[in-house]
Amino acid sequence: MLEVKSVTKRFGGLVAVSDVDLDVAKGEIVSLIGPNGAGKTTLFASIAGFLKPDEGEVILNGKSITNLKPHKICRQGMVRTFQITQPFATLNTLENIMVGAYANTSNKSLAKSNAERVAEIVGMTSLLYQTADGLTVAARKRLELARALATNPQLLLLDEVMAGLNPTEIDEIVDVIQGIRNTGVTIFLIEHVMKAVVNLSDRTYVLNDGKLIAHGTPNSIASDPAVIEAYLGHGAAEAMARGGKA
Amino acid sequence: MLSITLSLLPAGIINGLMFGAIYALVALGLTLIYGVLHIINFAHGAMLMLALYSAYFLFKVLNIDPYVSILIVTPASYVFGYTIYRWGIGKLSGGRDQNILLITLGLSIILENSALFFFTGDQQTISLPYSYESFDLGFLYLSYPKLISFVASLIICVLLWMLMTLTDLGKAIRAVAKEREGARLVGIDVEHVFAVTFGIGVACLGAAGCMLLPIFYVDPYTGNIFVIIAFTIVVLGGMGSIVGALLGGFIIGVTESVGGLLLGESLGQIGISLIFILILIFKPTGIFGSKV
Amino acid sequence: MKLPFRSNIFIALGLLTAMLAPFGISSKFQLDVLTLIFFTAYLGQSWNILGGYAGQFSFGGVMFFGTGAYTSSILLSSFGLPPIIGIFAAIFMGALLGLVVGYLSFRSGLRGSYFALITLAFAELLRVLANSVEFTGGGVGLFLTYAPGLYNLQFTSPTGFYYFSLILLVISLAIAIWLERSRFGAQLVAIRENEDAAEALGVDTLKCKIYAIMIMGGMGGAAGTFYAQKYLYIDPPISYSIALSVEMLLVTIVGGMGTVFGPLIGSFVLHTVNEIARHFISTPGLSLIVYGFILIVIISYLPNGLVGLFRKTRKNKENDDA
Ligand SMILES: Nc1ncnc2c1ncn2[C@@H]1O[C@H](COP(=O)(O)OP(=O)(O)O)[C@@H](O)[C@H]1O
Ligand SMILES: [Mg+2]
C-alpha cells in the first residue's frame, strides 16, 4: 500500500532522514521506533507532504505522491497525526472532528453524524461540546486520532499517540487502535515506548540517526544487538526493560 | 530629453544617498526592534513624526538648531520608547504577532490624531541660517543641511553598530535576541533588555527626526510616508540585519530619487511598494539575510 | 447557533425594523448616519471573511473598494455603461484583484504580519498607479454626473441610498450566515486555528484562502460603486485611503471577529461614539484618538470583541444554572 524508496531529508548540514526504504501492506499495523531525534517525525512529514524529501520517492497505492501537498495526500487516503497535538483550539471536540469529516462530504449534517460516530469509536462522546484548549493531554491525543479517522483514511500515520499517557490511558488507546485496524484501516505508527509496539504491531522498523538499522517482528527487534545499542546509547534501556517484562 | 535626464543622473544618485542615510537610520530602529523582540512596530512612522515635531518646537520656541536638538530628542525618545514598551506594549501583548501589529496600529492612530488635534494638519518647515548655503561638487550643489544629515546619520549608524558588537549591553541584547529563555536562565532581565532595545529603536527615530526636519517638512501624516519605506528597507536588508538596513536604506534612497527622475515624481513612488511586494513574494528572507 | 429559532426571530424583527425605519425617521441626517453604519458594517464584513473567519488580517482592504469604484465609474463616464451593470463589473474586478493578491501572497507562504503589510503595500501601489495614469483621471479624480435613477444607482432622497446600503448589509450577513453553516466556513475557521492541521485533514488551504480573499474583493468592489454613485466623486486618496482600511478592521475587531453580527455591532457602536463626540467637540482627530484607544483595549482585553462579552455572560449564566 505504502512504499518509501530511498528517501533522504536534510536540514542544512544535518541529515535527518538518510536513504530510508520501507513498505506497509494493506491491513497491517507497522511501527517505526527509535530514540528521540532519530528522524521519525521528519520521515512522517516527508511521507505526508509536509516536507519535501531531498531525494527518493513515496508511493501510495502504486501512484507517486512525492511532491503532492498534504491535503491531496489526505484525499488519496493517507492522513497523519501530530506528535505535538495541533487542535483547533477555540473549537469544540465535535467541530474539530467535523473538519476531518468534511474531507468526504460538504453536507453539514452528514459531517456531523460522521464526526459523532468517530467520537464514539475513540471514546470522546462525553467531551463533544468541550472546547479543545480545555482538553487534557490524553483527550487531545484522542482528538488527533479522531480527526484523522474522520477523513475516512485507508492508511493512518500516527505520531506518538501514546507519549505522555499513563498506563491505563495507553491500554485504552491501544484498544482503540486495534479496533480501527479491524475496520480495515492500515496503520503505520511511530512510537518511542517499545512496550506498546510489542503488543500492537505486526512488523517494526528501527530508525537511528536517520538510518534504518533493523526491521522485523517486534520480538526479533527487541533482541537485536544494533537496536539495543541504539537505545542504550540514548539511555532508553529502562524503557526496553519495561517493554521486555510486559 | 533623455540626455538631459541622464546628465541629472549623478545628482539624482547623490541626492538618493543623502536621503538613504536617514532612511537607513529609521529602518535601523525598526529592524533592531524586530531582530530582538520579534515584533513589528507599526507605530514606527508615527513615532518619527513625533520626533520631527519635537525638533520643530525646540527650534520654534527655544530657537535650538535641529542638529543640536539631536542631543535632546534622542535621549528623550529613548525614554519614551522604553516607557511605552515596558508599561504599554509589553504588558498588552498576548503573544500573537498580529495582535502586536494591531496594538501598534492603535498607537499610531492615537499619536497621529493627537498631533492633528494639537498641532493642526498644516505642513511645517523651518529654515536655518545656512539652509541655502551649499557645497560645490562640480556637477551638483549639495546643501549643507543634506550633507550634515548624511554624515551625522552615518556616524550614528556606526555608533549603533559599535554598541551592538563591542559593549556588554550589546552582548546582552544579542543574547536575548538569540535565546530569550537561555538569557533568562543566566540571569539577564529579559523584559528590561526588551524595553532597552525598543528604547534604542525609538532613539534612532529621535535622531532621524532632527536630521530630517531641515530638509523635509512635518505634518501629522509624515510618518505614513516613512512606514512603507522603512518596512521595505527592512525586508530588503533582511529582518534584523543592521548592515542590511544600511545598504537597504541607500538602495531605496537611490531608487526613489532616480525613479522619480526617470518616471516622473508621481509614478516614481511606485518603486518602493513594488520592491516591497516583490521581495516579500520572492525572497522573504531579504537580500542580505543575516541576523542581529 | 444553538438557538436557531430564537435567533431567526431576532433577525426577522431586526430586518423588519430596518425596512420600516425610513417611515419612522424624519431626519435626513439620521438616515444618512444609518446608511453610513450599514455601509461600514458591510465593508467590515468583507474584512471579517478573510480576517475574522480565515484569520488572515489585511491592512489594505481598501484596495478592492477603490478598484471597484474606479471600475464602475470609468465604465460609466467613458463608455456610458449604467452602474446597475457596472456594479457587477466592479465585483468582478474586486474578486480578480483578490485572486491576484491572494495567489501571489499565499502561494509564497506569507502569513501574519507579513500578509497584513503586503496588502498595505498593494493598496499603496494602486493609489500611486491611479494617481499617475490617465484613464483614472489621475490626481484630479473622476466626477460623475448627477442623473438619479435606479439604473444609475443614484437616488434623489437619502432613503434610496439607505435601502441600497441595507441590501448590501443583508447580503453580507447572508454570506456570513452561510459561512457559519457550510463546509467552506468550517475550513476557513480551521485554517485560522491551525493551518498545518487543516492541511493534514484534507483542507486545500491555499484555495480556501484565495476564495476568501476573492469574496472579500468582490464585496469591496460593490462598495466602491455604492460610494462613487452616492458622492459622485472619487480620487486616489479617497479610493485607496488607509483610513478606510483601518475602519473596516476596526469595526470588526470591536464588534467581534469571526462572528456574523460583529461588524454591524462594531460599526453601530463606533459611529454612535463618533456622533456623540462630534456633538460636543468639533476638533478633528478626537474621535480617532478614542478609536485608537478602543482598538488597543479590545485587542488586549476583549479578543472576541463586544459579541464575546455578551457570549461570555451567557455562558456563565448557563454554568450557573447547571
Ligand atoms: N524543521 C527542522 N529544522 C532543522 N532541524 C530539524 C527540523 N525538524 C527536525 N530537525 C532535526 O532533525 C532531527 C530529527 O528530528 P525528529 O524527526 O523530530 O526526530 P524524532 O521524531 O525521531 O524524535 C533532530 O536532530 C531535529 O533536531
Ligand atoms: Mg518525533
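Helix 5 of chain B gives the largest share of a nonpolar surface patch, seven residues. The model is predicted; local features need pLDDT of at least 70, side-chain atom pairs count only at pLDDT 80 or more, and totals for chains, interfaces and linings use all residues. Residues are numbered from 1 along each chain as its sequence is written, chains are lettered from A in the order in which they are written, and side-chain values use heavy atoms, without hydrogens and water.

**Nonpolar patch on chain B**
- The patch covers about 820 Å² and includes Val151(B), Trp161(B), Met162(B) and Leu247(B).
- Patch residues have over 30% relative accessible area (Shrake-Rupley, 1.4 Å probe) and no salt bridge, with nonpolar side chains joined within 5 Å.
- Two or more residues come from each of helix 5 (144–166) and helix 10 (242–263) of chain B; helices are DSSP runs of H or I, at least four residues, and strands are runs of E, at least two.
- Val151(B) lies in helix 5.

**Interface of chains A and C**
- The contact (heavy atoms within 4.5 Å) takes 26 residues from chain A and 21 residues from chain C.
- About 1900 Å² is buried between chain A and chain C, 61% of it from carbon and sulfur atoms; this is accessible area (1.4 Å probe) lost on being put together, summed over both parts.
- In chain A, His71(A), Phe88(A) and Tyr102(A) lose the most area to chain C, together 28% of what that side buries.
- Between chain A and chain C there are zero salt bridges (Lys or Arg side-chain nitrogen within 4 Å of an Asp or Glu carboxyl oxygen).

Conventions
Buried area is the accessible area (1.4 Å probe) that two parts lose on being put together, summed over both. Patches are made of residues with over 30% relative accessible area and no salt bridge: like charges are joined within 9 Å, nonpolar side chains (Val, Leu, Ile, Met, Phe, Trp, Tyr) within 5 Å.
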